[in-house]
Amino acid sequence: MERWFPIRTARLLLREFRASDEFDVHEYASDPIVSQFDEWGPNTPEKTSERLARHLREQERWPRQEVDLAVELLSEQKIIGSTSVWMSDEKNRTAGFGYTFNQRYWNQGFATEATRALLNSCFQSFEMHRVWASCDVRNIGSWRVMEKLGMRREGMFLRDKFQKGVWRDSYLYAILADEWQSACR
Amino acid sequence: MAICVPIIETPRLILRGWRDEDIEPWVAMNSDPRVMEFLGISYSRAEAEAKISEMRAAFARDEDGWWAVEIKEGGRFAGRVALHAVPFKAHFTPATELGWRFVFEEWGKGYATEAAAAVINFAFKVRNYDEVVAITSVLNLRSQRVMQRLGMTCNPADDFDAPNFEEGHRLRPRVLYRLRRPAPEVDSLGKNRA
């Protein structure tokens, strides 16, 4: 399959990482608020370097099971977040995705704009049947993004993730290809 | 009695002491079921009026207390914000609590976030507190969203049961959000987090 990125939206560019993104990536990856509901973070500068180096190495391979993309805000030419999509069940044409955004750029629709483009690729370019994502039940901003995308809350998992020292509950959201079609109409 | 209420101005709001003309909108707000949904209390007119006298006295006595929030444009009463000691014993007390309650018609405009952010600034810069907390029902997602916007964090390990609701009451489970005073220094990458 051809590479289906970079993707351009009205305000954003979803593209592969560059070594020069390190400063921007560390700005959000080191923020404890940004990763408070995630397994990772907050990153030390070393951890950010290491993660970025891994992205750069993985970008040399194609095809691959997981694609991580930096989200660049076109007007500032700045990396304000990242998205990730992976084939979680090839036989059932199912993919999972995730996203992280710099706190300073929250509440402006950037996550929705970026992930909408990502879902579009999932269904149109690689013809997925089902796409899912999950987040901590307390991460209201995150699950609101999924609801804006038209995803359905399929369930709540009780204390399924041990993060930052405690067992946490999470929501699973998903959307099927035909639901995406009608949501886009 | 001289009551010194620190007046705080934000781009769109004025946080100030209570005036007699606040009584009517305050009584109306406290009898609005949409505003009171997660508070589990309701005030009669007499109680609401008594509460105003109590709030008026608080700043003089405790240093902290309850501000009336006025919208600069048009001078409407929008609600109240508070900074006070948590009035019960729990695993995280003593602690200073931040709170807000706004007229339903003014929701969705960012006023709670704007007013609370100004109170946080007051708590850290004027009062020199090391930490403020905010408490709400587990069910009150709108309020938790404001807390998250303010940069507050929660940890399920801090969850607790409100002592003023009986076992099994839907409003008994509470979440605690915390915010530490930001360190004034700039970090290694030059990002000023203050």
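Leaving aside neighbours within four places in sequence, which residues is Leu118(A) in contact with? They are Leu14(A), Thr83(A), Val85(A) and Phe97(A), with contact meaning C-beta atoms, placed from the backbone, within 7 Å. My notes on the rest follow.

1. Ground rules. This is a predicted model, so to speak of local features a pLDDT of at least 70 is needed, side-chain atom pairs count only at pLDDT 80 or more, and totals for chains, interfaces and linings use all residues. Residues are numbered from 1 along each chain as its sequence is written, while chains are lettered from A and ligands numbered from 1 in the order in which they are written.

2. Chain A, overall. There are five helices and eight strands here, these being DSSP runs numbered from the N terminus (helices H or I, at least four residues; strands E, at least two). Starting at the N terminus, the order is β-β-α-α-β-β-β-α-β-α-β-β-α. The radius of gyration is 16 Å, close to the 16 Å that the globule rule gives for 185 residues, so chain A is as compact as a globular protein of that length. For that comparison, the radius is taken over C-alpha atoms, and the rule is 2.2 Å times the number of residues to the power 0.38. The C-alpha trace of chain A spans about 40 × 40 × 30 Å along its principal axes.

3. The sheet in chain A. Eight strands make an open sheet with mixed pairing, ordered β1-β2-β3-β4-β5-β6-β8-β7; two strands pair if DSSP finds at least two bridges between them. At the edges sit β1 (7-8) and β7 (152-163), each pairing on one side only.

4. Around β5(A). On one side, β4 (residues 78-89) of chain A runs antiparallel to β5 (residues 94-101), and eight bridges join the two. Asp89(A) is opposite Thr94(A), and Val85(A) is opposite Phe97(A). β4(A) and β5(A) form a hairpin with four residues between them, and Arg93(A) in the turn has a positive phi of about 45°. With β6 (residues 130-136) of chain A, β5(A) runs parallel, through three bridges; Ala95(A) has Val131(A) as its bridge partner there.

5. The cores. Which residues touch the most other members of the largest nonpolar core? Of its 41 residues, they are Leu14(A), Val71(A), Ala114(A), Leu118(A), Cys122(A) and Val131(A). A nonpolar core here is a set of buried Ala, Val, Leu, Ile, Met, Phe, Trp, Tyr and Cys residues joined through C-beta atoms within 7 Å. Helix α3 (residues 110-124) of chain A gives the most to this core, eight residues. Another core, of 39 residues, lies apart from it, and includes Met29(B), Tyr111(B), Leu176(B) and Leu179(B).

6. Buried residues are 34% of the 185 in chain A and 25% of the 194 in chain B. The cut-offs, on C-beta atoms placed from the backbone: buried if 20 or more others lie within 10 Å, exposed if 12 or fewer, partly exposed in between. In chain A, 59% of the contacts with a separation of 6 or more come from residues 24 or more positions apart. For chain B, 58% of contacts between residues at least 6 apart in sequence join residues at least 24 apart.

7. Chain B, overall. This chain has five helices and nine strands, running β-β-α-α-α-β-β-β-α-β-α-β-β-β from the N terminus on. Its radius of gyration is 17 Å, close to the 16 Å that the globule rule gives for 194 residues, so chain B is as compact as a globular protein of that length. Its C-alpha atoms fill a box of roughly 55 × 40 × 35 Å along the principal axes.

8. Helix α4(B). The 16 residues of this helix (residues 111-126) should span 22 Å at 1.5 Å a residue, and the end C-alpha atoms are 22 Å apart, which agrees; the expected span is 1.5 Å times one less than the number of residues. Its buried residues include Tyr111(B), Ala115(B), Val119(B) and Phe122(B). Asn128(B), which follows the helix, has a positive phi near 65°.

9. The interface. 14 residues of chain A are in contact with 13 of chain B. On the chain A side, α1 (22-29), α4 (140-148) and β8 (166-176) give two or more residues each, and α1(A) has the largest share, three residues. That side divides into six nonpolar, four polar and four charged residues. Here Ala, Val, Leu, Ile, Met, Phe, Trp, Tyr, Cys and Pro count as nonpolar, Asp, Glu, Lys and Arg as charged, and the others, Gly among them, as polar.

Note on methods. Two residues are in contact if their C-beta atoms, placed from the backbone, lie within 7 Å.
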